[in-house]
Amino acid sequence: MTRTIVTRIRDRAGEMPKAVAMREKRLGVWHEITWADYWEAVLDVGHALLALGVRPGDRVAVQCENRPEWLFLDIATVAIRATTVGLYPTNPTAETSYLLSHSGACVHLAEDQEQVDKALESGDLPELRTIVYVEPRGLRAYDDPRLLSWDNLLERGREHRRANPGAVEALVDAAEPSDVLTLVYTSGTTGPPKGAMLTAGNAEFVLETVLERSPFARPAPGPKDMTLSYLPLCHVAERVLTTWYNAGAGTQVNFAESIETVPQNLREVQPTLFFAVPRIWEKLLATARIKLDSATWAKRHWAGFWLRRADALGAKLAANGGRHTLGTRLTYAVGWVLFFRALRDRLGLRRVRHASCGAAPVAPEVLQFFMGIGVPMHELYGMTENAAVATANRPGRVRLGTVGEVHEGIELKLDEGTGEILTRHPAVFAGYWQDPEATARTVSEDGWLHTGDVGEWVDGTHLRITDRMKDIIITAGGKNVAPSEIENGLKASPYIKEAVVIGDGRKYLTALIGIELDTVGAWAQQRQLAFTTYRDLSEKDEVRALVQQVVDEVNARHNPVEQVKHFRMLPKELDHEDGELTATQKVKRSAIDAMFHDLVESMYADQAGAR
Amino acid sequence: MGLVNAQSGPVLQFDDVHLSFGAVKAVNGVSFTVGENELFAVIGPNGAGKTSIFNVLSGVYRPQRGTVVLDGVDLIGKRPPAIARLGMARTFQNIELFANLTVLDNLMLGRHQHLRYGTLAAMAWWGRARNEELRHRVKVEEIVDFLELEQWRKMPVGLLPYGVQKRVELGRALAMEPRLLLLDEPVAGMNLEETEDMARYILDIRDELQIPMIMVEHDMGLVMDVADRVMVVDFGTPVATGTPTEIQRNPDVIRAYLGGDPDAEQDVRHAIEGGASA
């Protein structure tokens with residue numbers, strides 16, 4: 001019998017039925033869902049899927065914000081040996097249509113009217129038989145025969161369960177490690193998305209690695225740990241953190257009400273394990289700084305004093321692998337009583353015992369700030385195609401600017417010619433859905449996964465990522481430049497949200513820069529600068545000067561070929577729906593180049609021949 | 001589209017109402033009815049008497065002639081608080097919220113007429129006061145959920161963007177659990193996105209909460225898109241009443257807006273029809 005995330009949940013429901021598996025906030029009050037409730041829901045939904053004709057190997061799609069129903073459907077699908085396909089709630093109709101059609105999903109969970117509309121407008125989907133919705137609001141007058149409410153789905157499940165007791169459990173017992181449990185579509189910055197197939201065996205290897213073989217926190221994560229589920233569940237990182245850790249370690253999942261309420265929910269939940277992408281850490285850092293800028297004189301100076309201590313602490317900790325010395329411990333103890341505790345409480349990070357950052361490159365100074373205020377911060381590395389496990393900074397052996405050490409049980413090497421990072425281990429995916437050519441390009445015959453990232457070793461133990469292979473800029477002078485390092489340096493400023501460095505085949509580097517509306521807006525208000533829109537604010541001379549200052553600071557840290565000679569302000573906030581960002585908020589360089597072509601050219605035109 | 005329910009009698013009857021201020025006839029023989037689940041819009045040029053109609057409805061002005069009946073109860077001569085207790089709630093053209101109170105507190109104020117406990121019990125936070133308060137909080141949270149106000153629950157209303165303040169004001173009116181909701185220019189001063197959001201909330205109030213509404217609005221696109229029936233008034237006099245399609249075809253309506261200027265007529269016709277198809 002194969003151990004899977006499903007059997008882990010079943011066993012927890014048997015061993016600790018009344019313990020809390022997850023919480024969700026309904027009408028302003030947190031409600032608990034126990035392991036017994038969870039397993040009952042999985043069985044009901046699993047039977048419902050069987051009643052709807054879903055068979056092992058079929059695909060079940062879901063386009064929904066994070067909520068218990070997402071997990072119920074996901075685990076029920078895996079329980080009957082079918083495959084879950086997650087869609088981003090922000091996917092516009094055209095992408096929704098592509099994903100539903102490419103995966104050939106037969107059942108689709110569309111959270112509410114907005115998502116139902118996307119599915120209904122998706123054109124001809126011959127394989128899609130049922131569209132389940134959770135929120136009935138606005139759907140009363142819809143008469144598409146494929147629509148089925150969540151309550152009716154559960155009803156169908158209970159009926160089927162009475163008639164066929166044990167049908168779902170039998171399939172759970174028949175699971176094989178090679179069962180594809182999910183397709184994770186990678187929102188590539190170029191080309192259409194590809195569906196990475198992750199298997200039951202991949203998931204088990206991940207859980208055994210991070211929980212048992214080399215636990216990422218001491219003591220290992222367990223039922224006392226709290227997590228906040230807020231990043232999209234269709235992304236591999238959040239799926240591992242929310243669904244798999246919950247099944248594997250019994251951590252309690254708390255669902256954020258919505259992406260807008262994450263700061264409030266973070267304060268209410270005070271999670272003990274917290275993962276965020278660089279964008280969120282940058283935003284938290286900006287929040288901490290901006291709150292202080294608008295405080296009274298005394299508060300500002302008091303906070304300023306302690307933040308300078310934090311910077312010093314962060315630098316010392318970073319130099320010491322994240323371990324305290326006697327001196328830093330004493331300073332921190334005093335700071336905890338007088339300032340850090342309050343700040344961490346305000347940020348929702350008071351109880352965090354393991355914080356991590358991944359999924360995109362981050363500026364070391366951002367991580368160092370959080371280390372300084374006492375948040376144990378660890379950068380990790382992994383990708384969809386290896387189920388998000390490859391390397392991690394270990395507690396006490398942190399090296400800023402690296403993604404840490406290779407996990408036990410994982411082979412990792414650098415390609416001798418290109419420096420590309422290659423990994424080989426049992427969590428390497430089973431290939432791209434219906435795309436053997438892309439699979440063959442990505443995984444070599446002897447099992448090495450080509451990550452597409454370029455890296456180098458630091459001290460022979462820690463891995464540093466230089467950049468994405470295809471993002472490396474080769475200037476007209478033939479110099480190789482890694483844009484992400486410069487971009488992250490710029491984005492570490494609380495005033496800058498987006499930075500896109502340009503220079504491939506050009507004489508020098510330039511950048512398109514987008515401001516952070518909240519912080520620059522507050523900065524402008526303090527200076528009594530009136531502004532109307534994002535664009536108006538961006539184009540103010542004072543704001544340009546502010547950005548110039550940041551650019552100069554970052555330039556000072558780089559050699560001349562890596563310096564940004566000119567920059568222009570982006571006239572709008574970049575957006576997924578406008579095609580400028582991927583669903584994971586990564587900039588699509590090709591789209592940016594095309595959309596802001598004139599702006600880019602203007603930085604090279606007037607200097608033609610001059611430099 | 002909307003479900004116009006014609007089976008039961010009208011929720012509101014507004015019959016031959018005349019209201020004058022000296023020689024100015026603000027409302028001159030206006031009659032209409034509003035049915036269950038109906039979204040009834042009143043449009044007209046500036047000074048046409050739309051707001052006067054609202055003020056008659058909510059009891060601010062007492063008309064010289066005519067009857068106003070809500071659910072079989074005559075409203076003429078009743079004071080505004082009494083009319084509010086009968087189930088008439090309204091929002092205002094200019095936001096009328098308590099800027100220093102939080103969103104939750106402003107919504108709780110909407111529950112005021114449903115509070116049954118006394119001051120002493122409230123101060124003790126005991127017995128009936130406690131139970132009732134918890135019940136009202138649930139009701140308020142349902143509105144927070146309905147209008148998607150979660151992220152601003154504990155923010156002072158004065159600090160919120162304009163479009164959100166308008167939503168909070170709508171929420172306070174909904175907190176009264178009204179029988180009939182009056183919306184005075186719900187999208188005035190809003191940008192396109194805020195207007196679209198508000199239109200969705202208004203339709204959801206009709207279809208999900210099944211509260212009939214009377215809406216005064218200048219945004220012709222919104223009116224033609226969402227209203228079940230439209231009444232056009234000019235100089236206090238009703239010009240036409242009918243479905244949006246009927247109104248768009250009515251030549252008197254265009255004249256009322258323009259006073260017979262043929263060039264402008266073309267513009268307005270375009271605006272009205274364009275709005276309907278938007």
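In the predicted model, Leu109(A) stands opposite Val132(A) of strand S6(A). Strands are DSSP runs of E with at least two residues and helices are DSSP runs of H or I with at least four, both numbered from the N terminus. S6 (residues 130-133) of chain A pairs with strand S5(A) in the parallel sense over four bridges; two strands pair if DSSP finds at least two bridges between them. Strand S3 (residues 59-63) of chain A also runs parallel to S5(A), to which four bridges join it. Here Gln63(A) is the residue opposite Ala110(A) of S5(A).

S5 (residues 107-110) of chain A is covered on both faces. Val107(A) and Leu109(A) on one side are buried, as are His108(A) and Ala110(A) on the other. A residue is buried if 20 or more other C-beta atoms, placed from the backbone, lie within 10 Å of its own.

Residues are numbered from 1 along each chain as its sequence is written, and chains are lettered from A and ligands numbered from 1 in the order in which they are written. Because the model is predicted, local features need pLDDT of at least 70 and side-chain atom pairs count only at pLDDT 80 or more, while totals for chains, interfaces and linings use all residues.

Helix H12 (residues 297-319) and helix H14 (residues 364-372) of chain A pack with their axes 7 Å apart, at an angle of about 105 degrees. Axes are lines fitted to C-alpha atoms over the stretch in contact, and angles run from 0 to 180 degrees between N-to-C directions. H12(A) and H14(A) are therefore roughly perpendicular to each other (65 to 115 degrees). H12(A) contributes residues including Leu313(A) and Leu317(A) to the contact, and H14(A) contributes Phe369(A) and Met371(A), among others; residues are in contact if their C-beta atoms, placed from the backbone, lie within 7 Å. The contact has seven nonpolar, three polar and one charged residues. Ala, Val, Leu, Ile, Met, Phe, Trp, Tyr, Cys and Pro count as nonpolar, Asp, Glu, Lys and Arg as charged, and the others, Gly among them, as polar.

Between the chains, ten residues of chain B are in contact with ten of chain A. On the side of chain B that touches chain A, H5(B) gives the most, with five residues. That side divides into two nonpolar, one polar and seven charged residues.

The predictor gives the complex an ipTM of 0.73 and a pTM of 0.85. Chain B has a mean pLDDT of 85, pLDDT being the predictor's confidence in each residue, from 0 to 100. Over residues 1-7 of chain B the pLDDT is below 50. Where pLDDT is low, the predicted coordinates should not be read in detail.

Note on methods. Angles under 35 degrees count as roughly parallel, over 145 as roughly antiparallel, 65 to 115 as roughly perpendicular and the rest as oblique. Two residues are in contact if their C-beta atoms, placed from the backbone, lie within 7 Å. A residue is buried if 20 or more other C-beta atoms lie within 10 Å of its own, exposed if 12 or fewer, and partly exposed in between; C-beta atoms are placed from the backbone.
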